[in-house]
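I am opening a notebook on a structure that is new to me, and I will write down what I looked up, entry by entry.

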Amino acid sequence: MGANNGKQYGSEGKGSSSISSDVSSSTDHTPTKAPKNAATSEDSDLSMRTLSTPSPALIMPPCSSPLSPTLVNGRGSSTSSSSITGETVAMVHSPPGSLPHLQTQSHPPKDQQTPVDRLPDHAFLQIFSHLPTNQLCRCARVCRRWYNLAWDPRLWRTIRLTGDLLNADRSLRVLTRRLCQDTPNVCLMLETVVVSGCRRLTDRGLHTVAQCCPELRRLEVAGCYNVSNEAVFEVVSRCPNLEHLDVSGCSKVTCISLTREVSLKLSPMHGQQISIRYLDMTDCFALEDEGLHTIAANCTQLTHLYLRRCVRLTDEALRYLVIYCPSVRELSVSDCRFISDFGLREIAKLEGRLRYLSVAHCGRITDVGVRYVAKYCSRLRYLNARGCEGLTDHGLEHLAKSCPKLKSLDIGKCPLVSDAGLELLALNCFNLKRLSLKSCESITGRGLQVVAANCFDLQLLNVQDCDVPLEALRFVKRHCKRCVIEHTNPAFF
């Protein structure tokens, strides 16, 4: 990308300065797709503001060469990453045109403009709104006009950083300083911070977020294993609007609660202040029953909870959850090997509110637990019982008759499920869209044909490692034309 309305700028000066932090270094990574509910939309009531004077804390010290870049840690380099140490470092630059010998007109004559220069500001803002944080910082280095546009507050409702080598603590500190210049010490526009996979993120980075982002609604730190309880406590205490928290893979996180200081300030009339609705604690191996008890008691508004591979949890933890969080709609306890039918009996108390349940590879679950869930959770839409080897056709019968609106079912690696159970499912759950029978040794072509003849909306069928004849697969393809069939039969294509 390029523009003619400003020249490339140097990196020295005591005047205003712009930043191209760690996020615009040479170790860029392609970011993951933003969630649908990420706050990235424009605010029509927010007027355009020109931000051309960053925080004084970001102004560089004088340098001997007016055009040599200066690293934040004081070491000179021609690039924004060190090839010797392998460390990604931050770089601070002067804004375009801030130096006397680089002064340019903000709007060059039309005959000197390139086609991209003729785009109106609102078009640039629309384009910039689709860029990840690191690319947006790079755009700010092109020219003065792009600098002003790139720092428009409407583009900074979300910060998204990626990269194993990224110094996430420093990046967050520099970015929040820049965004706080109109409202000292507070980033009122920032609502989403995604730093998943930034393994160098520590509690320091989250302390920065907690202190500067009181309007934060979404925080994702998946895979940041240096983050501990203390930092999470501070974030939930200082960000009362936080609704979405992903700490999956943060093995040091064993609990979520308000800080002791904040808890002492709250009167009994106000109760708890944590408003988290979505919580993902997948692979938080150290989480125990008492930790989940505390989480449930503090996060009573939970609707989505994912506890995959939290291997220390038992049925007692689910009892606490149901007592304090009666609004849970989605729950996953996959690979929690101590969860049994008693735990499913507790989950069944959620009744019609439960729509999604995953108990994959919970080897202690049998037809008894499935029957509890089927009887009381009639509005269940998704069930993953893969690897529950105690599940038989009897459990499937209860499920089919009590949950007719079921849309997705995974009963792979359940060797006791046969064609009889599959036929009952097909004759009752006409809205079934996804069905996985992977490694179900007792399934044959007869059961599949009944499914295909009754579930016309089927979109995905997994019969890998099943002894299913070629004719049955062709029958499914004829009757369910939109169905994707995952199989291991080389003769079917």
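How exposed is Glu288, in terms of relative accessible area? I looked it up and found Glu288 partly exposed, with a relative accessible area of 39%. I note at the outset that this is a predicted model, and I keep that in mind for every entry below.

**Confidence**

I checked the pLDDT, which averages 80 for the protein, with 75% of the residues scoring at least 70. Over residues 1-19 the pLDDT stays under 50, although the model has 97 contacts beyond four places in sequence for that stretch. I found the pLDDT below 50 over residues 99-105 as well, where the model shows 14 contacts beyond near neighbours in sequence. Where pLDDT is low, the predicted coordinates should not be read in detail, so I leave such contacts aside.

**Salt bridges**

I went back to Glu288, whose side chain meets that of Arg312 in a salt bridge, at 3.1 Å from N to O. This pair links distant parts of the chain, since Arg312 lies in the loop between strand E9 (304-306) and helix H9 (315-324), while Glu288 lies in the loop between strand E8 (278-280) and helix H8 (289-298), 24 residues apart. Arg312 is also partly exposed, with a relative accessible area of 45%.

I then looked at Asp410 and Arg386, whose side chains meet in a salt bridge at 3.1 Å, N to O. Asp410 is in strand E13 and Arg386 is in the loop between strand E12 (382-384) and H12, so that this pair, 24 residues apart, links distant parts of the chain. Asp410 is buried, with a relative accessible area of 13%, and Arg386 counts as buried at 19% relative accessibility, the cut-off for buried being under 20%.

My next pair was Glu346 and Lys349, which form a salt bridge with their closest N and O atoms 3.1 Å apart. Here Glu346 counts as buried at 10% relative accessibility, whereas Lys349 is partly exposed, with a relative accessible area of 46%. I also noted a network of salt bridges that links Asp283, Arg309 and Asp335. The count for the model comes to 17 salt bridges.

**Helices H12 and H13**

How do the axes of H12 and H13 cross? I found that the axes of helix H12 (residues 393-402) and helix H13 (residues 419-428) come within 8 Å and cross at roughly 0°. Angles under 35 degrees count as roughly parallel, and H12 and H13 are therefore roughly parallel to each other. On the H12 side I listed Asp393, Leu396, Glu397, Ala400 and Lys401, which meet Ala420, Gly421, Leu422, Leu424, Leu425 and Asn428 in H13. The residues of this contact divide into 6 nonpolar, 2 polar and 3 charged.

Turning to burial, I read off Asp419, Gly421, Leu422, Glu423, Leu425 and Ala426 as the buried residues of H13. What covers these buried residues includes H12, strand E13 (408-410), strand E14 (434-436) and helix H14 (445-454).

**Helix H1**

Which residues of helix H1 are buried? In helix H1 (residues 121-128) I found Ala123, Phe124, Leu125 and Phe128 to be the buried residues. The buried residues of H1 pack against helix H2 (133-139) and helix H3 (144-150).

Technical notes:
Residues are numbered from 1 along each chain as its sequence is written. Side-chain values use heavy atoms; hydrogens and water are left out. Axes are lines fitted to C-alpha atoms, for helices over the stretch in contact, and angles run from 0 to 180 degrees between N-to-C directions. Helices (H or I, at least four residues) and strands (E, at least two) are DSSP runs, numbered from the N terminus. Angles under 35 degrees count as roughly parallel, over 145 as roughly antiparallel, 65 to 115 as roughly perpendicular and the rest as oblique. Contact means heavy atoms within 4.5 Å. Ala, Val, Leu, Ile, Met, Phe, Trp, Tyr, Cys and Pro count as nonpolar, Asp, Glu, Lys and Arg as charged, and the others, Gly among them, as polar. Buried means under 20% relative accessible area, exposed over 50%, partly exposed in between (1.4 Å probe, protein chains only). pLDDT is the predictor's confidence in each residue, from 0 to 100. A salt bridge is a side-chain nitrogen of Lys or Arg within 4 Å of a carboxyl oxygen of Asp or Glu.
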